Amino acid sequence: MVTVVFDVVLGTGMIIAALGALWSRELFRAVVLFVVFGLLVALAWIRLQAPDVALAEAAIGAGLTGALLLDAVGHLRSARREERE
Amino acid sequence: MTRARTLSAGLLSAGVAVTLALAIRDRPRAGIDLAATVRNAIPDSGVEHDITAVLLQFRSYDTLLEIAVLLVAAVVALALRDEPSSRTVPPLETAEDEAINTPLLAALQRLLLPVMLVTAVYLLWAGAFQPGGAFQAGAVLAALGVLWRVAGSPLGVTISAAWRRGALVIGFAVFLAAGSAMLLLGRPLLNWPAEWAKIIIIAIEFVLMLSIAVSLLGLFASSPNAADQQP
Amino acid sequence: MMSDALRAALIPLVIVVPLCWAVLCLVQPRRSPSLLVVPGLLLWMVVSLALCWDVATTGVSMHVLGGWREPLGIALRADGLAAGMALLTALIAAACGGYRLLTPPTADDPTAQRWFWPLFFMLGASLNAVWLAADLFNMYVGLELLGLSAVGLVAVSGSDNAVSAALRYLLAALLGSLAYLLGVALLYASYGTLALSGLAELVTHNTTTHVAFALITIGLCLKTALFPLHGWLPPAHGVALSPVSALLSALVVKASFVMLLRIWFSGGVGLLSPPMAQLLGVLGAGAILWGGWQALNHPDLKSLVAHSTVAQIGYLFVAIPLLASGASPGLAWDGLMLQITSHALAKSAMFLASGTLIVAVGSSRVEDLRGVNRHMPLALFAFGLAGVSLMGLPPSGGFSAKWLLLQTALAGGQWHWVATLLGGGLLTAGYVFRVFRASFENSSDDRFDHTPLGWDVLALLLAGASILLGLAGSAPLGLLRTGASIPGLIP
Amino acid sequence: MSIDLWYAMIGGLLFALAFGAFMAHTHLLRRLLAFNIMGTGCFLLLVGLSQHGRGPDPVPQALVLTGIVVAVASTALALVLLRRWFAATGQTTLPEDTHA
């Protein structure tokens, strides 16, 4: 029973985080939600009895891709700020 | 973004959702139980962990090509960094960058460095028996590198371009050389001799870890703007 | 006499040799490239020739990678189509590589040269990996390697336009592979195997399978740039370095098409319904007309040639309903094979010749070609020969291809394709003559840059080979029929 | 309904939602986010649906590991190109989409 509730909550959370990552007005927020999404998916992989994938998802999917995207957002932002000044 | 574009995208999205729902509902349950086949073949593979066996034995050719994909991405990143862009935006010290250079982070880094190194090696070694392996270990090493780069190299070590290129390619090169060497022995490509399988796989995993880490880090560090910040 | 061990190694060697050279070019970039590259191209050609010879004499052969049989492991399957495409790849790669080697050094060359060759060999290896693949997921990885190498090659030419074209290409390629992968996911979940041969035995009619095949088809059509999913192709092929454009148009778009053929006719045997086949044919017809019309009106020479690729891809898809109808599958198969090969040769020749003309004129606009006929007769002749094949004039390979397709359409009573094939030929004639009319206009301007003679020779060789396919097509067609899995086809 | 089927359905829904966003957005970074979520949806569907009624299967899990590495390589390559494009033109969308 507890696990059923957990799965329902986790699945819903993944959808909500994904929607946030896809449609947030602010880009920075979208990327942060993407990282959150990646961590939730890592949990889902554990529920699917795929610990290898969970590790990879957390390290690469959420961690590295997230870092890459955050770096890019920061870059775009700072360049924009410079332009305005 | 126009209204028409959003509307048509929404319709497409709904269409895909319905189609996939139907596909999932009507899935036939015919066919082969490949998981059982894998289980039966594990004793012959030289490794105990099933995923590692799939990645480096049964479907090792896929993994070889996958490492090639990573190598290509890293090569393109290096190529684009090398070329002088016509109108490069000057490098900027942003507020975020300054905030990152704190003593706290430096301390954290000094603490995390050995921990992450140990984690990476453990993950690599564990891959033969339980979850873990070259990819996860490589990613942890790459994360280490990212942290290193973000806060400036604490040990004052910089790696020359030639070394970095060598580290980038070594995983793929060793994997390819080992696989092709089997052809010289009159065996199929990537067909390891049973008694050597384990040692070969671990050796390949080790160099793969290095190359995966360097590729991922290289992809992170070789954006045109980041290049300007490096000596 | 080849030893058995060497024969068994031929299939993987076709992939391993270019992979090795990709690594060598990466670790030894400072060396003069020709010393390294030329032996690589020669060895690659020798291995591909040997594979063709082996398949032609002993028939289809398999290579069980890692010694693990399907469905547990992955196998490479060398049938006539795979061996023939591997040889075609080696030939066109040698010509394009030679063209690149003969390019006089310029200011941006050190970096461009250094990164060009690893990507070039990776592209070749991934093409061969796709031709030989017999596993759904392996095809996905091969296609991704191909896509990223191709995008990289477009991007390394470095201009701002190249970067945006590469981005657009990359997005299309990624979307296409995801659609493909989702289809593969549904198939694996349904049948528990990724091997095409295994799938063929298990596959049945049901919603999931139809959705999976539809997703795979959409993804691969996007990658093949089938109208109306072709938007990414003209900028990418138009802006890349000329030898890169030649490789992309001649071979890279064909890779996803060959996968489509294999998946429909070797994997999902009997799944292709007549309406689906007709739909692919109609889109192909749309491509022929739309691409031809665009080529007729585009001011830029390389974009004209790129739009011509969109149109010529259409012919490949028009062949699908003809193949599926089963009226005379042998004719349709031969026509399709000739269209693939003769277009590959003609289009690479045309891109190389266009590149030469553009360098000589110093402009990429068609109208700036004024007077080029007196200064660049060889390049223009190569362009014309390639044009003859694309138009489908006898005695070219393009003529035989279109003639065979026409005959099949008539035999099957599919009259609507006849009009399309003829209309497409007229449009092709229109855009080829447009280039010629511009070139033959008198001009007082004599300021043409010198170009290497080798460039013209390479373009002429490719164009000549495309014509020759029409005169001596029986041997290659015999090879390409080996092991083809089309219902009703007598090998 | 099994856990596997539940996550397979979530995966399918994620794919569809992200596909909509991929088509709707013109900003390249947003399209990359959508691409990554589509990929994750696809992976979940692959593993979930394959394991549904069959138990854990290492083959699709290994395929997903391969897929994740390919996805991060593609994303990183796209970001390098995007930065280059942005540095040259100050644009974050492709020229064809700017006026769309």
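How much area do chain D and chain B bury between them? The legends below start with that contact in this predicted model, then move on to other close-ups.

**View 1. Chain D meets chain B.** Chain D and chain B bury about 3800 Å² between them, and carbon and sulfur atoms account for 71% of it. On the chain D side 42 residues take part, and on the chain B side 43 residues. You will find zero salt bridges here, but eight residue pairs are in polar contact across the interface, both partners at pLDDT 80 or more. Helix 1, helix 2 and helix 3 (58-89) of chain D each give two or more residues to the side that touches chain B. Helix 3 of chain D brings the largest share, 19 residues. Sorted by class, this side of chain D has 28 nonpolar, eight polar and six charged residues.

**View 2. Chain C meets chain B.** Now turn to the contact between 58 residues of chain C and 50 residues of chain B. About 4700 Å² is buried between these two chains, with 73% coming from carbon and sulfur atoms. Look for Trp68(C), Leu72(C) and Trp115(C): within chain C they lose the most area to chain B, together 15% of what that side buries.

View 3. How many salt bridges join chain C and chain B? The count is one, and Asp135(C) and Arg59(B) form it, with their closest N and O atoms 2.7 Å apart. Between chain C and chain B there are also 12 residue pairs in polar contact, both at pLDDT 80 or more. Several elements of chain C supply at least two residues each to the side that touches chain B, among them strand 1 (61-64), helix 4 (109-132) and helix 6 (160-191). That side of chain C is made up of 37 nonpolar, 16 polar and five charged residues.

**View 4. The second largest pocket.** This pocket holds about 1100 Å³ of space. Its lining has 39 residues, and those closest to the centre are Leu175(C), Leu222(C), Leu229(C), Phe19(D) and Met23(D). The elements that contribute two or more residues come from chain B, chain C and chain D, including helix 1 (3-25) of chain B, helix 11 (274-297) of chain C and helix 2 (28-51) of chain D. Which element gives the most to the lining? Helix 8 of chain C does, with eight residues. Among the lining residues, 27 are nonpolar, seven polar and five charged.

**View 5. A salt bridge within chain A.** The whole structure has 12 salt bridges over all chains. In one of them the side chains of Asp7(A) and Arg47(A) meet, 2.8 Å from N to O. Asp7(A) sits in helix 1 (residues 2-23) and Arg47(A) in helix 2 (residues 27-47) of chain A, so to speak a link between distant parts of the chain, 40 residues apart.

View 6. In chain C, the peptide bond from Glu70(C) to Pro71(C) is cis, with omega near 5°. Pro71(C) lies in the loop between strand 1 and strand 2 (75-78) of chain C. The peptide bond from Pro394(C) to Pro395(C) is cis too, again with omega near 5°. For Pro395(C), look in the loop between helix 15 (377-391) and helix 16 (397-411) of chain C. Over in chain A, Gln49(A) is not a glycine, yet its phi is positive, about 60°. Gln49(A) is placed in the loop between helix 2 and helix 3 (51-84) of chain A.

Terms used: Residues numbered from 1 in each chain as written. Chains lettered and ligands numbered in written order. Predicted model: local features only at pLDDT ≥ 70, side-chain atom pairs only at ≥ 80, totals over all residues. Heavy atoms only, no water. Contact = heavy atoms within 4.5 Å. Buried area = accessible area lost by both parts, 1.4 Å probe. Salt bridge = Lys/Arg side-chain N within 4 Å of Asp/Glu carboxyl O. Polar contact = N/O pair within 3.5 Å; in protein donor to acceptor, adjacent residues only side chain to side chain. Helix = DSSP H or I, 4+ residues; strand = E, 2+ residues; numbered from the N terminus. Nonpolar A, V, L, I, M, F, W, Y, C, P; charged D, E, K, R; others polar. 1 Å grid on protein atoms, 1.4 Å probe; cavity = no way out; pocket = protein on both sides within 12 Å on 5 of 7 lines; lining within 4 Å. Points joined across faces, edges and corners; volume = space filled by probe spheres on them.
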